[in-house]
Amino acid sequence: MTDNIFVNLRNDDKTVFKAKNYLNHRFLPDSLPHREEQIKQIAKYWVEALNDITPPDITLYGKTGTGKTAAANFAKNQLKEALEEYEDCMVDIKTAYIRCTDYTTEYQVIARLCQILGQDVPYRGWTKAEVVNAFRSIFKKSSLGKETMLIVILDEIDVLLKKDGDGILYTLTRTDNVAILSISNFIDFKQFITPRSKSSFRDREIVFPPYGADQLVDILKERVELSFKEGTVDDDVIHLCAALAAKEEGDARYALDLLKTSGEIADDYKLEKVEESTVREAKDKIEHSKVKEIIETLPSQQLRVLESILYLTKQKEEISSGKLFDVYKNIAKGDSVSYRRIFDFVSELELLGLISTNIVSRGRGKGRTNIIELQCELNILEESIWAI
Ligand SMILES: Nc1ncnc2c1ncn2[C@@H]1O[C@H](COP(=O)(O)OP(=O)(O)O)[C@@H](O)[C@H]1O
Ligand SMILES: [Mg+2]
């Protein structure tokens with residue numbers, strides 16, 4: 001049987017993973033180390049619901065990968081579990097989770113909420129007013145049945161507000177018995193809320209700070225136990241992943257990606273265990289695909305600006321705005337745009353995290369200059385640009 005192709009393949013299929021699915025982004029672990037405080041704060045507001053009082057609106061803030069989505073869903077699941085114990089509640093408490101990148105308009109969110117609450121509403125065809133009426137009718141007191149209360153999580157709410165305005169907040173805050181928990185990666189998402197909605201959206205804010213390296217170690221340790229075979233991931237590997245992710249603004253998602261990619265690379269090389277060098281390779285691989293993804297979406301003029309920055313970086317030149325404009329004109333030839341436009345491009349590249357800018361004072365009477373610096377690995381950027 002040794003020459004059988006299936007037997008050989010199966011024997012070949014050696015892996016460091018025990019259950020890789022525990023490393024997926026959407027997996028919610030049974031415990032969230034270092035988020036106990038934030039979860040308790042959410043619960044302190046939501047516990048009101050068990051006394052038949054609509055909880056206040058809450059907003060969770062924090063950078064990507066600080067556990068906001070996980071903490072909100074954890075609290076939601078705990079509440080549902082508690083509700084099974086308290087069947088004597090006067091109101092019928094319902095919970096809903098909406099990812100605003102999936103439901104991007106007020107209409108879609110309200111229609112989805114109706115469906116979750118058992119009211120069938122089509123995703124298109126009705127007017128907004130009709131959908132809102134159907135939604136509100138769910139909350140009308142009935143003389144016999146219980147009242148309904150809804151606790152709704154609106155994840156990545158900034159996406160919805162930016163695209164469709166703040167009508168969703170206006171509608172939800174003006175419906176009795178609805179409590180909103182909104183989540184945003186951007187502190188300034190409230191710029192999208194107009195005064196008419198702001199007056200009724202008096203939210204309590206809960207901040208999610210970036211994780212430190214030690215905290216990431218705890219998070220990773222629990223996940224390694226679930227997903228990797230015993231003895232395949234040593235402590236120094238975990239510490240390295242944690243340290244690298246702590247540098248990436250304390251992003252737990254990045255730490256988990258690093259771990260998963262390291263395992264995959266170890267499997268590719270048929271290693272018995274994940275090595276520190278594997279982790280470093282994984283870091284490059286992740287950065288590579290991130291940079292590649294961004295570059296593929298850049299308009300060509302912006303790409304030229306980036307090429308100009310790359311050129312000057314390789315020349316080991318300090319990149320001032322004036323110098324960048326000169327090189328750009330050369331690279332772009334007939335296609336060049338105004339000095340002013342270049343600066344819009346530079347700020348966009350900065351927002352994407354590819355470069356940084358820094359105002360430097362040249363000393364008395366000499367004014368100040370904006371100095372531009374590359375923020376990703378030079379060789380990764382170069383390869384990605386050539387690959388286009
Ligand atoms: N304290 C924690 N313990 C365990 N896993 C965590 C913790 N915080 C975040 N994670 C995991 O890290 C990833 C990113 O977390 P997430 O809640 O999606 O972050 P955010 O919503 O703030 O961007 C998820 O896979 C999540 O399960
Ligand atoms: Mg999230």
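A helix here is a DSSP run of H or I with at least four residues, a strand is a run of E with at least two, and both are numbered from the N terminus. The expected span of a helix is 1.5 Å times one less than its number of residues.

This is a predicted model, where local features need pLDDT of at least 70, side-chain atom pairs count only at pLDDT 80 or more, and totals for chains, interfaces and linings use all residues. Residues are numbered from 1 along each chain as its sequence is written.

The protein chain has 16 helices and eight strands. Of its 388 residues, 32% are buried. A buried residue has 20 or more other C-beta atoms within 10 Å of its own, an exposed one 12 or fewer, and a partly exposed one falls in between, with C-beta atoms placed from the backbone.

**Helix 14**

Helix 14 covers residues 321-332. Its 12 residues reach 16 Å from first C-alpha to last, close to the expected 16 Å. Its residues sort as follows.

| Group in helix 14 | Residues |
|---|---|
| Buried | Leu324, Val327, Tyr328 |
| Exposed, on the face turned away from the buried side | Gly322, Asn330 |

Lys333 follows helix 14, and its phi is positive, near 50°.

**Thr104**

Thr104 sits in the loop between strand 2 (91-99) and helix 4 (106-116). Thr104 is partly exposed because 16 other C-beta atoms lie within 10 Å.

Conventions. Chains are lettered from A and ligands numbered from 1 in the order in which they are written.
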